[in-house]
Amino acid sequence: MTTPVKVAIFASGNGSNAENIANYFMNNNSILIDSFYTNKADAFVIERAKNLGIHCSFYSNPDFREGSSVITELKERGIDFIILAGFLLKIPMNIIKEFPNKIMNIHPALLPKFGGKGMYGDRVHIAVKEAGGKESGITIHYVNEHFDEGKHIFQAKCEVLAADSPDDIAEKVHKLEYKYYPEIIEKVLL
Ligand code: GRF
C-alpha cells in the first residue's frame, strides 16, 4: 500500500469547510486529513477538530507570520499539502517556499473581482450585493505571496438575484464550496 498524501487545513473561524473536507476524506486511503491549524484561540474550528478526532494546533498571529515554528510542526508531521479554508492571515514567504504549489485556497467570489486584502467573509458578499452583480461563486487557487493572486484551479458560479441579501449570497456560495472544494482537492492531489 502506498502512503497517503498528508494534508493540513488552516482555518481562522467557524471551520465548516474544514469539517466538510475532513468528512469527505474520512475513509480515503490516498488522502489523509492529518491536522488543523488556527490563529484564533477561540475559533469554532478547534471544537470541530475535537469532535472529528483530528489534531488541531493553535499559533498566535506573530508566530504564524514568522512561520518557522509552524514549518517545524508541519515537517515533523510529514505534511505534503496545505489547504486554506477561511484562513485570514497572509501566508508568510518561508511557508510558501517550503510548500511551492502545495498550498490551495478557496475564495468566496469570482476572482479577480472582489478579492485582495480585507476582502473576506461577509465583506465579500456585501461588496457583491453593493456592486449589483448578477452572479457570484467560488475560486479555488494556488497561494503565492500576493493575496488572492495565485494561479486559478477552478471556478463555479451561482446566480445572484436582486432580492438576495448578502446572507443569501453567502448561503449559495457555501453550497458551492461544500460540493466542489473536496472534489477539486482530490483531483489536484491524486
Ligand atoms: C468561506 O466562505 C471561505 O470561502 C472563505 O471563508 C469562509 C469560511 O467559512 N475563505 P468556514 O469557516 O469554512 O465556515
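These legends describe close-up views of one predicted model.

Residues are numbered from 1 along each chain as its sequence is written, and side-chain values use heavy atoms, with hydrogens and water left out. Because the model is predicted, local features need pLDDT of at least 70 and side-chain atom pairs count only at pLDDT 80 or more, while totals for chains, interfaces and linings use all residues.

**View 1. Helix 4 and its buried face.**
Helix 4 covers residues 68–76. Helices (H or I, at least four residues) and strands (E, at least two) are DSSP runs, numbered from the N terminus. Which residues of helix 4 are buried? They are V70, I71, E73 and L74. Seen down the helix axis, these buried residues fall within an arc of 165 degrees, so they line one face of helix 4. The arc is that of the directions from the helix axis to the C-beta atoms. K75 and E76 are exposed on the other side of helix 4. Here buried means under 20% relative accessible area, exposed over 50%, and partly exposed in between (1.4 Å probe, protein chains only).

The structure holds seven salt bridges. A salt bridge is a side-chain nitrogen of Lys or Arg within 4 Å of a carboxyl oxygen of Asp or Glu. Side chains of opposite charge can pair when their charged atoms come close. D34 is buried, because its relative accessible area is 12%. R77 is at 25%, so it counts as partly exposed. K6 joins the picture too: K6, D34 and R77 are linked in a network of salt bridges.

**View 2. The salt bridge between D164 and K172.**
The side chains of D164 and K172 meet at 2.6 Å, N to O. Is D164 buried or exposed? D164 is buried, with a relative accessible area of 8%. K172 counts as partly exposed, at 26% relative accessibility.

**View 4**
E183 forms a salt bridge with K179. Their closest N and O atoms are 3.4 Å apart. Both residues sit in helix 7 (residues 166–189). They are four residues apart, so about one helical turn separates them. E183 is partly exposed, with a relative accessible area of 31%. K179 is partly exposed as well, at 44%.

D122, D167, D168 and E171 form a negative surface patch. Patches are made of residues with over 30% relative accessible area and no salt bridge; like charges are joined within 9 Å, and nonpolar side chains (Val, Leu, Ile, Met, Phe, Trp, Tyr) within 5 Å. Lys and Arg count as positive and Asp and Glu as negative; His and the chain ends are not counted. The place of a charge is taken as NZ of Lys, CZ of Arg, CG of Asp or CD of Glu. Accessible areas come from the Shrake-Rupley method with a 1.4 Å probe; for residues, only the protein chains shown count as cover. Helix 7 gives the largest share of this patch, three residues. D168 is found in helix 7. At 31% relative accessibility, D168 counts as partly exposed.

**View 3. A positive patch on the surface.**
K40, R65, K90 and K117 gather in a patch of positive charge. Where does K40 lie? K40 is in the loop between strand 2 (31–38) and helix 2 (44–52). At 36% relative accessibility, K40 counts as partly exposed.

**View 4. Backbone features in the loops around strand 5.**
Most residues other than glycine have a negative phi, and most peptide bonds are trans. A cis peptide bond joins L111 and P112, with omega about 10 degrees. P112 is in the loop between strand 5 (103–107) and helix 6 (122–131). F114 is placed in the loop between strand 5 and helix 6. F114 is not a glycine, yet has a positive phi of about 55 degrees. F114 is partly exposed, with a relative accessible area of 22%. N101 lies in the loop between helix 5 (93–98) and strand 5. N101 is not a glycine either, and its positive phi is about 55 degrees. N101 is exposed, with a relative accessible area of 56%.
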